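Please look over the structure below before reading on. The briefing that follows is grouped by topic.

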Amino acid sequence: MRPVTATAAAVTSILGVGAAAVAAGRYAGDVALKAAPERPLPADRRVTVHATAAGQVTLTRSFSALRPGTWGLVGPGVHAVVGPVVEGASEGADTVVRRLESVGRGMLEPGVKVRLTPALYGGDPGSDLGLDHQEVEIPGELGTLPAWYVPGARDTWVITVHGLGATRVHPMNLMGFLHQQRFPVLDLAYRGDPGAPRPAEGLGHFGASEWRDLDAALRYALRHGARNVIVHGLSTGATMALYAAVESPLRDRISGIVLDSPVLDWPVTLRALAAARGVPAALLPLAVRAAQGRTGMAATPVLETSVPAFLRTPTLILHGPDDTIAPWGPSRALAARRPDLVSLHAVPQAPHASMWNAGPARYEETLRRFLTPLM
């Protein structure tokens, strides 16, 4: 082969490999960046319903079916709530019996495939909780953002913000508790959610751009009677809360933030999501680089930015060592760096954004103690 021809062939081959790598990285990144709001997280494994009885449901024994606490149970046309495992009630080594709290929709027939999910509810604050509420519209950067507003007697509002694989129904788990504390609650849907504007290319930014929708909700709350605001965020919603507490022009009106399972190192979270959804390990570094190129996000973890140094807001972190989507090491490090403001409450045996589910009473008491001085 002539030298020029050989060189051209080599260059073409390299370009072909490079193009394939770019395409593979783009695909791998899309698996995480374009995850639909209601797409189950990897820990939400399907199990089979074997039987039901008065106040009980029998499920296939698995790690997810044995989780402690209270969970939603969803399947085709079905939404129910299950409580703790009923000790000693199982009829076989391959099944587990849980307390059946309620069935909100459909019927739990034997043989149906279901999954345990952190979101207990599937409707709205009125239909599921019996709470007076309004559907409100918040002017946002990309367009109108829908939100549920539940009135309360206090002039400190709580804004709730969901995270990965969820919608605004997830924070409804806490809405009854917050209503009992007499807080007005604004439960936000943000860019990419059903009914909200679509972000560019449909890509999420793990809170790095979405926090500006939270900033719009802050403005709405302050215009409609709030004196101060507490933000309760889950997963990337927690990341949004942290960004808002540091970056928002209204940050002085944020009297507290609650970070449940915060995503503080997005490349780690992206790799975890992509790997759990079947992306080969060899493509994971390409996925991170592709995500950087398409979104403009830096690969720098939040702890390596100015955010910890500029934080001025009392902060409660609820996180657990068993979170495989957003490892709790960065949460522990943030609490260690800012012990003057940040307290960390560890929740064992809880998957990502499921700290409340693992022990609702314990979670709410921890939250009550944090909120009381801020009321």
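Val 74 has Arg 115 of β6 as its bridge partner. This is a predicted model.

**Strand pairing and the barrel**

- Strand β3 covers residues 71-75, and strand β6 covers residues 113-117.
- The two strands pair in the antiparallel sense, over 3 bridges.
- In general, strands of a sheet pair through backbone hydrogen bonds, either parallel or antiparallel.
- A barrel is closed by 6 strands, in the order β1-β2-β5-β4-β3-β6.
- Pairing in this barrel is antiparallel.
- From one strand to the next, the twist averages 45°.

**Helix α4 against helix α5**

- Helix α4 spans residues 211-223, and helix α5 spans residues 236-247.
- Their axes come within 9 Å and cross at roughly 65°.
- The crossing of α4 and α5 is right-handed.
- On the α4 side, Trp 211, Leu 214 and Leu 218 make the contact.
- On the α5 side, the contact residues are Met 240, Ala 241, Tyr 243, Ala 244 and Glu 247.
- By class, this contact has 7 nonpolar residues, 1 charged residue and no polar ones.

- Ser 209 sits in the loop between β10 and α4.
- Is Ser 209 buried or exposed? Its relative accessible area is 9%, so Ser 209 is buried, as the cut-off for buried is under 20%.
- The Ser 209 side chain makes a polar contact with the side chain of His 205, at 3.4 Å.

- Most residues other than glycine have a negative phi.
- Arg 182 is not a glycine, yet has a positive phi of about 70°.
- Arg 182 lies in the loop between α3 (172-180) and β10 (185-188).
- Its relative accessibility is 46%, so Arg 182 counts as partly exposed.
- Gln 349 is not a glycine either, and has a positive phi of about 60°.
- Gln 349 is found in the loop between β14 (342-346) and α10 (355-358).
- How does Gln 349 count, buried or exposed? Gln 349 counts as exposed because its relative accessibility is 54%, and the cut-off for exposed is over 50%.

Notes. Residues numbered from 1 in each chain as written. Predicted model: local features only at pLDDT ≥ 70, side-chain atom pairs only at ≥ 80, totals over all residues. Heavy atoms only, no water. Axes fitted to C-alpha atoms, helices over the stretch in contact; angles between N-to-C directions. Helix = DSSP H or I, 4+ residues; strand = E, 2+ residues; numbered from the N terminus. Left-handed = near helix turned anticlockwise from the far one by under 90°. Contact = heavy atoms within 4.5 Å. Nonpolar A, V, L, I, M, F, W, Y, C, P; charged D, E, K, R; others polar. Buried < 20%, exposed > 50% of the residue type's maximum accessible area, 1.4 Å probe, protein only. Pairing = 2+ DSSP bridges. Polar contact = N/O pair within 3.5 Å; in protein donor to acceptor, adjacent residues only side chain to side chain.
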